Amino acid sequence: AAAKLEENDPTAIALGYKADASKVDAKKYPAYKVGNTCANCTQYTAKAGAASGPCGAFGGKDVAAKGWCMAWVKKA
Ligand code: SF4
């Protein structure tokens, strides 16, 4: 399995990644909308229903399905 992306990874900090999207600071990240998570982000390539999976924005490291970061883009 790919390495897990830790919240304290410098690249994760740079993009405001949280493994639990409900912990995102909405004041600091006004782009965040409730309901937007890695699971419905175009960068996320895990199987449906998986708790975590690879993210293209972080070099394929594993991110949490319930996570979020500034690079979120709705999965087509
Ligand atoms: Fe999650 Fe998308 Fe950010 Fe990757 S780019 S950490 S899948 S929100």
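Modeller: Let's start with Lys23, which forms a salt bridge with Asp20; their closest N and O atoms are 3.5 Å apart. Keep in mind that this is a predicted model. Side chains of opposite charge can pair when their charged atoms come close. How open are the two partners? Lys23 counts as exposed, at 57% relative accessibility, while Asp20, at 28%, counts as partly exposed.

How many salt bridges are there by this rule? The count comes to two, so let's turn to the other pair. Here the side chains of Lys61 and Asp9 meet, with 3.1 Å from N to O. Where do these two sit along the chain? Lys61 is in the loop between strand E1 (52-54) and strand E2 (62-64), and Asp9 is in the segment before helix H1 (10-14). That's why the pair ties together parts that are 52 residues apart in sequence. As for accessibility, Lys61 is partly exposed, with a relative accessible area of 29%, but Asp9 is buried, with 14%.

Is Ala12 buried or exposed? At 0% relative accessibility, Ala12 counts as buried.

Phe58 takes us to the ligand. There are 13 residues around the ligand, and Phe58 is among those that come nearest, along with Cys38, Cys41, Cys55 and Cys69. What kinds of residues make up this shell? By class, 12 are nonpolar, one is polar and none is charged.

What about empty space? Rolling a probe the size of a water molecule over the atoms shows where empty space is left. Searching the whole structure turns up one cavity of 30 Å³ or more. About 90 Å³ of space lies in the largest cavity. Its lining has 13 residues, and the closest to its centre are Cys38, Cys41, Gln43, Cys55 and Cys69. By class, that lining has 12 nonpolar residues, one polar residue and no charged ones. And what takes up this space? The ligand does: the space it takes is the largest cavity.

Methods
Residues are numbered from 1 along each chain as its sequence is written. This is a predicted model: local features need pLDDT of at least 70, side-chain atom pairs count only at pLDDT 80 or more; totals for chains, interfaces and linings use all residues. Side-chain values use heavy atoms; hydrogens and water are left out. A residue is near a molecule or strand if one of its heavy atoms lies within 4 Å of it. On a 1 Å grid over the protein atoms alone, a cavity is a set of points where a 1.4 Å probe fits but cannot get out, and a pocket is an open set with protein on both sides within 12 Å along at least five of seven lines; lining residues have an atom within 4 Å of a point. A molecule sits in a cavity or pocket if more than half of its atoms lie within 2 Å of its grid points. Ala, Val, Leu, Ile, Met, Phe, Trp, Tyr, Cys and Pro count as nonpolar, Asp, Glu, Lys and Arg as charged, and the others, Gly among them, as polar. A salt bridge is a side-chain nitrogen of Lys or Arg within 4 Å of a carboxyl oxygen of Asp or Glu. Helices (H or I, at least four residues) and strands (E, at least two) are DSSP runs, numbered from the N terminus. Buried means under 20% relative accessible area, exposed over 50%, partly exposed in between (1.4 Å probe, protein chains only). Grid points are joined across faces, edges and corners, and a volume is the space filled by probe spheres set on the points.
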